[in-house]
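Visitor: I am new to this structure and would like to learn how to read it. Could you show it to me, please?

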Amino acid sequence: MVRGKTQMKRIENATSRQVTFSKRRNGLLKKAFELSVLCDAEVSLIIFSPKGKLYEFASSNMQDTIERYLRHTKDRVSSKPVSEENMQHLKYEAANMMKKIEQLEASKRKLLGEGIGSCSIEELQQIEQQLEKSVKCIRARKTQVFKEQIEHLKQKEKALAAENEKLSQKWGSHENEVWSNKNQESGRGHDEESSPSSEVETQLFIGLPCSSRK
């Protein structure tokens, strides 16, 4: 019975997909082993299942093979010569960058009023328009900064006024307390002066009054 050709696409049925994975994984590991034995080749194979399980084969130490691979790819990348096409492209990009830098430097000098002797009327008008636009932006930003500073000062003024009111109320209550204490002391002093303590000497005579004898 002729076996049909397998289509190279993901198997939708999970059971069939798992069976196919197991069969082909074992076949791949077997082929790797045969290649290492028959051809005396250093072979390393790493397989992760759909669920993340690891399967591996190495004819020698796996870590040594990986390090050898990394060294080989690094040397290959560093020794890869730059093609003539890439070199021409880099030269073209560098020339364009230099040209743009020169144009920006010339435009900067013209905005500063330097090197405008050879400018035409149209170029001078463009420079003037650019300067006017820049001045408008600067003035708008300056106005915004002024407004922000004024608003900040108003908020600070309100906070100071509230603090001043709080201190005034506290100081007023303190003065009332001092004035009340002074009035109480003054009242006590007035009571003491209005009722002074004095000693009264009295004589009590019992009996007949004495008559003078001759």
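Visitor: Is phenylalanine 33 buried, partly exposed or exposed, and why?

Guide: Before that, a word on the model: it is predicted, so local features need pLDDT of at least 70 and side-chain atom pairs count only at pLDDT 80 or more, while totals for chains, interfaces and linings use all residues. Residues are numbered from 1 along each chain as its sequence is written, and side-chain values use heavy atoms, leaving out hydrogens and water. Now the general idea: buried means under 20% relative accessible area, exposed over 50%, and partly exposed in between (1.4 Å probe, protein chains only). Phenylalanine 33 counts as partly exposed because its relative accessibility is 46%.

Visitor: How many aromatic pairs does the whole structure hold?

Guide: Rings of Phe, Tyr and Trp (its six-membered ring) pair if their centres lie within 6.5 Å; planes under 30 degrees apart are stacked, over 60 edge-to-face, and the rest tilted. A search of the whole structure finds 2 aromatic pairs. One of them joins phenylalanine 33 and phenylalanine 57 edge-to-face, with 6.3 Å centre to centre and 85 degrees between the planes. This pair links distant parts of the chain, 24 residues apart: phenylalanine 33 lies in helix 1 (residues 14-39) and phenylalanine 57 in strand 2 (residues 54-58). Helices (H or I, at least four residues) and strands (E, at least two) are DSSP runs numbered from the N terminus. Phenylalanine 57 is buried, because its relative accessible area is 17%.

Visitor: Which ring does the charged end of arginine 25 sit over?

Guide: The test is that NZ of Lys or CZ of Arg is within 6 Å of the ring centre and within 35 degrees of the ring normal. Here the charged end of arginine 25 sits over the ring of tyrosine 55, 4.2 Å from its centre.

Visitor: What span should helix 3 have, and what does the model show?

Guide: The expected span is 1.5 Å times one less than the number of residues. Helix 3 (residues 84-111) has 28 residues and should therefore span 40 Å; its end C-alpha atoms are 41 Å apart, which agrees. Just after helix 3, glycine 113 takes a positive phi of about 85 degrees.

Visitor: How far apart are leucine 131 and leucine 112?

Guide: In sequence they are 19 residues apart, and in space 9.7 Å, C-alpha to C-alpha. Leucine 131 belongs to helix 4 (residues 121-194). With 37% relative accessibility, leucine 131 counts as partly exposed.
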